[in-house]
Every structure is written in structure tokens, then in C-alpha cells.
Amino acid sequence: MNEQEIVGWLRETDETRLEELWKRADNTRKKNVGDAVHLRGLIEISNHCTRSCGYCGLRAQNTKIERYRMEPDEILECANKAKEFGYGTVVMQSGEDLAIASGWVAALIRRIKEETGLAVTLSLGEREEQELTRWKNAGADRYLLRFETSNRALFDKIHPPLGEKPCDRIALLKQLKHLGFETGSGALIGIPGQSYEDLARDIMLFAELGLDMIGCGPYIPHPETPLASEMETALAGGDETQVPNTELMAYKVIALARLVCPRANIPSTTAIATLNPARGREFGLERGANVVMPNLTPVKYRALYEIYPGKACITETADACAACLRGRIESIGRQVGTGRGDSMNYLLRS
């Protein structure tokens, strides 16, 4: 699809036409990655962050949240729970916490691999090549780094550089791919200042980068960020060029991502479940997604990892989350995946 076609779908409001899009995406998903829904156990290991991103509640300037870092044994306990629940992967995620040393992470990766044999995904932000190489050599399998928006001016506005160091997430994604990581990225949907053409170019960039994993969620404003007030202004002003940060737009992006990257792993995200706790994850799975990410983070930390407010399932235990998601997946006629659930795109490339 070209940019004009994608913009047309993003602006589509006719329910009959949208049902055609959902069906095309679901059929493409079934043909290329099957009916299995792979579970990725999420461990939010630290909410410290050195960055000043305009959209994220973990930003360094937010003094209203209590900061934490999990201990290695706590993280290992979560990883062993993932194995017990039958998950194929653990995802270690944090803010850009530079106090988490590369050697500490490498040792943790080795322990997880030795004790559980699970695939390890990292989502630790922009790190140096030598750190990424060290983690790959320690056994890390995948890396997630969302580029957020392909509009460079908008990116620079919402994601200012750290000191004199420039931010080039596109270059870093290519580097991750070169290092042999299964590579994931994605975009925020409905950032203030994002046009339909911007979002269409984001979707085209998924294909250009040949992503193995694509994670997109609606922008949910956090009151302790600069963008929160801009979102109110953008929506109140009736700007027809502004992409809305709605549940429906999130489903459109999932469906279009599936069509342009048919073999990628695509999650039905927590942000969608936050907007629609009752059926959001299921709708995402029925419109192109094939992954969900149950949260393994201990409940005492979970509410502190507040990228945005009101996040779904923050009081739910890991055991309850595992049982709930299995039931939801089976309710729509799909089955929980077994094994690592590597991206078909990555397997074919490798």
C-alpha cells in the first residue's frame, strides 16, 4: 500500500468498509503466523529515567512518583513464574536508567537463560553499541525500541536529546538488526501534532525497516507531562489534520501494520486494554495481532511504572493475569502459543 491508500484507511469511518479491513488483516495474520497467540511475560525492572520525553510519566522531571529498581533475585522469581505459566519469553523493560550497568544486565540475562531457557527480550532504551553487543553475547534474543514517530521535527520536540548526544532511533534499529537481534519498534498513535500523513509514513516505515515485532498504542496523556495540555488544545480546536488517540485508530494501525508486515509479531497492547478493559485485547487479536504481554511485575511496583495513568490490570497478580488472558484468548477461538514464538519474519531472514 502507498501513503494515500493508508491515509484513506486511517480516515475511514464507514463500519462496513472497516469490517473489510478487519477481515483482511485477520486473514493475513492467520495465513502468515497462524492462530497461536504468544504470551510475553513483562517485567518492569526500573522506573528511573534520565530522559525528558514530553509524553511519558517516567520522565526525569516528574518528582511525584516513587522510583524503584528491582533486585536480580526479584527479577529471577518473575522469570521462573513465566516458565511455570508456560510463557515462551520474558521482556525486561525500564526507563532509560543509566544506573543499570551493562554488566549487571548481562549477568541477569545469563541467569535467566540458565535457569529458565526462555527467550529474553530487552526494552531498555537507547544504549551504546558495546552494551548492546555485550547483551547479545550474553544471550539476549530480542530488543524493542519504539521510534514513536517518523516525523523528525515532532520526534525532536517530544523526545529531546540527552545532553549533546543526538537521538537517531532509526539508525539504532538498523544496528540492532545488524547485531542479530530480533528487532521490534512501533509508534505512538495520536501524539499532539501528528498528522494522518505522519502516521501513514510510520506504517510504511515498519515495512521499510523489515521489523520483526511491531508495537503500537494510543497516546494516553499523563498529567505530569508537557504534552497533556497540548492534547486538550488539539482536540478542543477541531483540527482535522490531528490524528485522534482513540481505540478505533489503534485497531486501524494494528490492521494496517499486519497488511504491510504480514510475518511480524504484533501485540494487542496494554494501552488498548486500558481504553477498553472489557474487550480491547480481544478486538486487537481479531484485527491482526498475535501477541499479548501479561504483566509479571510484582504488584508493589506495578502502579509505580506509570508511563500513563489508569493502566489496565495494575492490581492484578501475575497468577490472575495468566489465567485471565488464557481465558480471553480461548474465548475468541484462538489458542495460547507454545515455545519461544519467534517472529516468522526473523526466522526467514535468519
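Let me start with strand β3. Both of its faces are covered: Ala 119, Thr 121 and Ser 123 are buried on one side, and Val 120 and Leu 122 are buried on the other. Buried here means under 20% relative accessible area, exposed means over 50%, and partly exposed is in between, with a 1.4 Å probe and protein chains only. The strand covers residues 119-123, and five of its five residues are buried.

A word on what you are looking at. This is a predicted model, in which local features need pLDDT of at least 70 and side-chain atom pairs count only at pLDDT 80 or more, while totals for chains, interfaces and linings use all residues. Residues are numbered from 1 along each chain as its sequence is written, and side-chain values use heavy atoms, with hydrogens and water left out. As for the element names, helices (H or I, at least four residues) and strands (E, at least two) are DSSP runs, numbered from the N terminus.

Now the neighbours of β3. Strand β2, residues 89-94, runs parallel to β3 and is joined to it by five bridges; two strands pair if DSSP finds at least two bridges between them. Thr 89 has Ala 119 in β3 as its bridge partner. Strand β4, residues 142-144, is also parallel to β3, with two bridges joining them. There, Arg 142 of β4 stands opposite Thr 121.

How are these strands connected? β2, helix α4 (residues 102-116) and β3 make a right-handed β-α-β unit. Right-handed means that, with the strands pointing away from the viewer, the path from the first strand over the helix to the second runs clockwise. β3, helix α5 (residues 129-138) and β4 make a right-handed β-α-β unit as well.

Next, the start of the chain. In helix α1, residues 3-11, the buried residues include Ile 6, Val 7, Trp 9 and Leu 10. Seen down the axis of α1, the buried residues fall within an arc of 160°, so they line one face of the helix; the arc is that of the directions from the helix axis to the C-beta atoms. As background, an α-helix has 3.6 residues a turn, so residues three or four places apart point the same way.

What covers that face? The cover over the buried residues of α1 includes α2 (15-33), α8 (196-209) and α10 (247-260). Take Leu 10: leaving aside neighbours within four places in sequence, its contacts include Tyr 196, Ile 203, Met 249 and Leu 256, where contact means heavy atoms within 4.5 Å. At the start of α1, a side-chain oxygen of Asn 2 comes to within 3.2 Å of the backbone nitrogen of Gln 4.

Leu 10 is also one of the residues with the most contacts inside the largest nonpolar core, along with Leu 122, Trp 135 and Phe 206. That core has 98 residues, and its largest share, ten residues, comes from α10. By nonpolar core I mean a set of buried Ala, Val, Leu, Ile, Met, Phe, Trp, Tyr and Cys residues joined through side-chain atoms within 4.5 Å.

Now two arginines. Arg 169 is in helix α7, residues 169-178, and is buried, with a relative accessible area of 9%. Which side chains make polar contacts with Arg 169? Glu 96 does, at 3.2 Å, and Glu 126 does, at 2.7 Å. A polar contact is a pair of N or O atoms within 3.5 Å; within protein, one must be able to donate a hydrogen and the other to accept it, and residues adjacent in sequence count only if both atoms are side-chain atoms.

Arg 334 sits in the loop between α14 (318-331) and β10 (335-336). Arg 334 is buried too, with a relative accessible area of 7%. A polar atom of the Arg 334 side chain lies 3.1 Å from the backbone oxygen of Ala 289. Arg 334 and Gly 34 are 300 residues apart in sequence and 9.4 Å apart in space, C-alpha to C-alpha.

Two last residues. Gly 184, in strand β5 (residues 182-185), is buried, with a relative accessible area of 0%. Beyond four places in sequence, the contacts of Gly 184 include Tyr 143, Leu 144 and Met 213. Glu 74 lies in helix α3, residues 72-85, and its side chain reaches the backbone nitrogen of Glu 71 at 2.8 Å.
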